Amino acid sequence: MGEEEVEAEIDRLPVDLLAHIFVLLSSFKDLAQASIVCKKWKQGVERSIARKERLSFADWKMDDDSTARLVRMAYSLKELDISRSCWGCQITDDGLYKVSLAKCVSNLTSISLWGMAGITDKGVVQLVSRAISLQHLNIGGTFITDESLFAIANNCPQLKAIVLWSCRHVTERGLVVLVNKCRKLKSINVWGMRVPMDCFISLLAISPALQIKPGGLHQNVIRASLWPVL
């Protein structure tokens, strides 16, 4: 077959079939290159992103605009991972604000911002204020304060698990408000936080079934709470 005949065969592929093929591509670079082949391929790439239920930027060097643009295209998105990677993710509060405007945010069930040292309460509050379906949140390794926890407590009633690994600016007040308002919360990771043992005893008094991680901590809290009785 000649080159023109091969191109004609490719042109006959429907956009939905192209989209199904492009869904299998995990590289954003490959998707970007495919989108500039022709108008039909661009449509296929856009539809493939719209069908994705999970986006992870953990292994990519992303900036605010490119991240927000992809999230806005992902109408079916359920899980969003913008964790810090070895490439040095450049997402800022401005990027989180732009992401928060995407239509899919209200349907997100999982968000990871692990290790994003460049973000603050300003960006996190803006994002979680619209993530009303959120069940799993990882904001470990960030410099958030109680302000973010207050926003989570007020806007994410479906929250089941949260990672606050090494969030050393969070206090007992923020944790108590979070556990009080998020009644479906089952697991909380507090490794590396500067919070006294009495705080965890208070959390278990509010929610006895709450799993406080790391694992050994939960038993230590129980022993500490029983010590006056013994």
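How close do the axes of helix α7 and helix α8 come, and at roughly what angle do they cross? Let's start there. This is a predicted model, by the way.

The axes of α7, residues 121-128, and α8, residues 146-155, come within 9 Å. They cross at roughly 5°. That angle makes α7 roughly parallel to α8. Which residues of α7 and α8 make the contact? From α7, we have D121, V124, V125 and V128. From α8, we have E147, S148, A151, I152 and N155. By type, the residues of this contact divide into 5 nonpolar, 2 polar and 2 charged.

Now the other partner of α7. That is helix α6, residues 93-100. The axes of α6 and α7 come within 8 Å and cross at roughly 10°. These two helices are therefore roughly parallel to each other. On the α6 side, the contact uses D93, L96, Y97, V99 and S100. On the α7 side, K122, G123, V124, Q126 and L127 take part. Here the residues divide into 5 nonpolar, 3 polar and 2 charged.

So how much of α7 is covered? Mostly covered is the answer: 6 of its 8 residues are buried. They are D121, G123, V124, V125, L127 and V128.

Let me step out for the overall picture. The protein chain has 11 helices and 7 strands. It has 230 residues, and buried residues make up 44% of them. Take the contacts between residues at least 6 apart in sequence: 69% join residues at least 24 apart.

Next, helix α9, residues 172-181. Which of its residues are buried? G174, L175, L178 and V179. Seen down the axis of α9, these buried residues fall within an arc of 125°, so they line one face of the helix. There is a general point behind this. An α-helix has 3.6 residues a turn, so residues three or four places apart point the same way.

Is T142 buried or exposed? Buried, because its relative accessible area is 2%, and the cut-off for buried is under 20%. A polar atom of the T142 side chain lies 2.7 Å from the backbone oxygen of I139. Leave aside neighbours within four places in sequence, and T142 is in contact with L113, G115, M116, I119, S166 and C167.

What does T67 touch, leaving aside neighbours within four places in sequence? It is in contact with F57, M62, I82, I91 and V99. V99 has come up already: it is one of the α6 residues in the contact with α7.

V124 is named in the contact with α8 and in the contact with α6. V124 is also one of the buried residues of α7. Thanks, that's the tour.

Methods. Residues numbered from 1 in each chain as written. Predicted model: local features only at pLDDT ≥ 70, side-chain atom pairs only at ≥ 80, totals over all residues. Heavy atoms only, no water. Axes fitted to C-alpha atoms, helices over the stretch in contact; angles between N-to-C directions. Helix = DSSP H or I, 4+ residues; strand = E, 2+ residues; numbered from the N terminus. Parallel < 35°, antiparallel > 145°, perpendicular 65-115°, else oblique. Contact = heavy atoms within 4.5 Å. Nonpolar A, V, L, I, M, F, W, Y, C, P; charged D, E, K, R; others polar. Buried < 20%, exposed > 50% of the residue type's maximum accessible area, 1.4 Å probe, protein only. Polar contact = N/O pair within 3.5 Å; in protein donor to acceptor, adjacent residues only side chain to side chain. Arc of directions from axis to C-beta.
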